[in-house]
Structures are given as C-alpha cells and as structure tokens.
Amino acid sequence: MKAVVIRRFGDPDGLEVVDVPVPVPGPGQVQIATEAIGVGGVDAVIRRGALGAYGFREGHLLGSEVAGRVAAVGEGVDASWLGRRVWAFTGLSGGYAERAVAAVEDVLALPDDLSGADAVTLGGSGVVAHFALERARFGPGQTVLVRGAAGSIGITAVQLAARRGAGAVAVTTSSEKRGARLRDLGATHVLDRAGEGGPDTLAGFDVVIDAVAGPLLPRFLDKLNANGRFVVVGVVGGPPPADFGMRLMGAFRRSLSFATFSADTVPAADRQAVRASQFADATRGDLRTVVHAVLPLDRAALAHRQMDAGQVFGRVVLAP
C-alpha cells in the first residue's frame, strides 16, 4: 500500500511516498481503509525533527487521525465493526496511508451525515479545545484570547467559548480576511500575531488558549488579568524561551496560572463521549468544521508547505 514517511527531518521535501506492507490488526485493534486523513500541527512538529527526544526517527510514518471503513478486526474485537464508517486515533504514527490500524477504544462510529473530511477536522481538535477550556476553568462572562485561532483547534475553541457565554472572544491571526472569518465563527476581537489590535482591544483576558507557543509566548502571559489562566495546547511556533517562567514570577502578586494540556491525560471514555457529542453537533450545524483543502495522499508535502507558510485556515485533509 501507499504511505508517506519522513525520509529526512526538516522541510516538507523530506517527506516521501513509499510502498509498505498492509498493517495487520493485532489483538484489540481494527484495520481501516482510509478515506480521509487529518494533517495536524503535531505532524509538522515531528517532521521538523523537534521531537527526536521522544523517539521519532527517520522513516517514521506520519499521521494520528483517520476516517474510513473498518476492513479487518483483530483478536477480541467484535466482528460487527466490519464495514462500519469510523473515525480513529492511530497514535502519533500510521495515519498517512491507504490502510491504518487503531485500538478499538480509539475508534468511534461516524454519523451517516458527517463526511470523513469533517470528522478528521473535528475529531482530535474538538476534544483538545473542549478540555483545554475545562482545564482553564473558563466560565460564562469571562474573556478569552485564542492564539493561533486559524487552526482547527483554535476554530473550535472560538465556537465553544462563544457558546459558553464568553464576555469576549479575542483571536490572533495573520490578516483581516481571516479575522472576518473568525468573527463569523464567534470572535469579537481580532488581534495580529503579536497580540496587537485596534483601539477597542481589551487590556487583559481571564483565559488564554495557546496553540502556538514560540518566542512570543511571554508577551501573551502579560495579557492575563489577575487570577488569569494560560493553557498551551500546541507548539507549532516552536518552544517558548527557556526563561519564560520568570515572566510569571515577575507577576507573582497577580496570581497567574500556567499549564500545558494534552488530551492523552483525559480518560478514553471521556474523550469519546465529548467527540460523539461534537460529531452530533456538527451534523446538525451547531458546530462548524473548516476544511481548508482535500489533497491526494501523494501531495502530503504540499500540505506541509502550506502549513509552514501560514496559508492554512482550518485543516488540510489527505485522501488516498
């Protein structure tokens, strides 16, 4: 089968389409014939070689979420899964392929009216956005800044915050056009990537949800109100400065809180319950997904170039 691997860490030209054996589902696993593959920010971070300390090596098969039909089941898996359209989390590898395997507890049946592209746009990012707001103890009337709001996590976080009765939902983005699209999704204030805005910009925020991190992170810590909570959900902009914690210590009397968040720390049953609810909301139109483009699997390098250039609004999806 066709798959995309990292032949060389660094720029997207290091991605290569190769032929690999079809994966065989082990005990408790299913094999999925993929129809849609999500291209996420973590894929770009792995591709750049930034996570080598976590064991990623050249030859790694990228991809963490797919949608498609169950083609085979492993030992101990109910045969009723066969032929069902599903969304699945494949871990941090194995998704960029014509067939993928996943543990059955990380597989969720799809509503008939939800496309595979919409499923992989919402399936992973929606859960992160939901629980990040929970981690931040975000409540009605509070103000929130979503940094990196043009990505799929940010787009969902904007909508969820607005639905929860936010006092204001501010976003950072790169252009007025993107800002207008985010306002249509529920944003009330639009800032540039450095956090600057017009005369109506709020002085501070109760919560910051940050999918970017990078060298400007300390600047956004300064935008927290007293008792403010800052939650990092991604590092697409690279790691923050090593001494960023001194910014928190310098604001000691304002009682600021900083946290990282990974959905890996949420029990699988809780993730699946939220995911199923969000999929149902999406089919009703109560939660909107934004698919930037659907590209053939062999154009994965193009998808990564678009991400690196900041051209993606929403999520790029690959289709075998």
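How many aromatic pairs does the structure hold? The structure holds two, where rings of Phe, Tyr and Trp (its six-membered ring) pair if their centres lie within 6.5 Å, and where planes under 30 degrees apart count as stacked, over 60 as edge-to-face and the rest as tilted.

## Basis of the model

This is a predicted model, in which local features need pLDDT of at least 70 and side-chain atom pairs count only at pLDDT 80 or more, while totals for chains, interfaces and linings use all residues. Residues are numbered from 1 along each chain as its sequence is written, and side-chain values use heavy atoms, with hydrogens and water left out.

Phe230 and Phe258 form a stacked pair, with 5.7 Å from centre to centre and 25° between the planes. Because Phe230 lies in strand β12 (residues 224-232) and Phe258 in strand β13 (residues 257-260), this pair ties together parts that are 28 residues apart in sequence; helices (H or I, at least four residues) and strands (E, at least two) are DSSP runs, numbered from the N terminus. Phe230 counts as buried at 1% relative accessibility, whereas Phe258 is partly exposed, with a relative accessible area of 27%; buried means under 20% relative accessible area, exposed over 50%, and partly exposed in between (1.4 Å probe, protein chains only).

Phe244 and Phe258 form a tilted pair, at 5.0 Å centre to centre and with 55° between the planes. This pair links distant parts of the chain, as Phe244 is in the loop between β12 and α6 (245-250) and Phe258 is in strand β13, 14 residues apart. Phe244 is buried, its relative accessible area being 19%, and Phe230, Phe244 and Phe258 form one aromatic cluster.

## Sheets

Six strands make up an open sheet with parallel pairing, in the order β10-β9-β8-β11-β12-β13; two strands pair if DSSP finds at least two bridges between them. At its edges stand β10 (189-191) and β13, each of which pairs on one side only. Within this sheet, strand β8 (residues 143-147) and strand β9 (residues 168-172) run parallel and are joined by four bridges, and Val144 has Val169 in β9 as its bridge partner.

Antiparallel pairing is found between strand β3 (residues 29-39) and strand β4 (residues 65-73), over seven bridges, with Arg69 in β4 as the bridge partner of Ala33. β4 also pairs in the antiparallel sense with strand β5 (residues 85-89), over five bridges, and there the partner of Val66 is Ala88.

## Nonpolar cores

The largest nonpolar core has 47 residues, of which Val144, Val158, Leu182, Ile209, Val233, Phe261 and Phe279 touch the most other members; such a core is a set of buried Ala, Val, Leu, Ile, Met, Phe, Trp, Tyr and Cys residues joined through side-chain atoms within 4.5 Å. Two or more residues each come from α2 (116-135), β8, α3 (152-163), β9, β11 (205-210) and α7 (268-284), and α2 gives the most, with 10 residues. Apart from this core lies another, of 35 residues, among them Leu15, Val18, Val45 and Val316.

Leaving aside neighbours within four places in sequence, Ile209 is in contact with residues including Ala132, Leu133, Val144, Val231 and Val233, contact meaning heavy atoms within 4.5 Å. Gln306, which lies in helix α8 (residues 300-308), is buried with a relative accessible area of 15%. Beyond its neighbours within four places in sequence, Gln306 is in contact with His292, Leu295, Gln311, Val312 and Val316.
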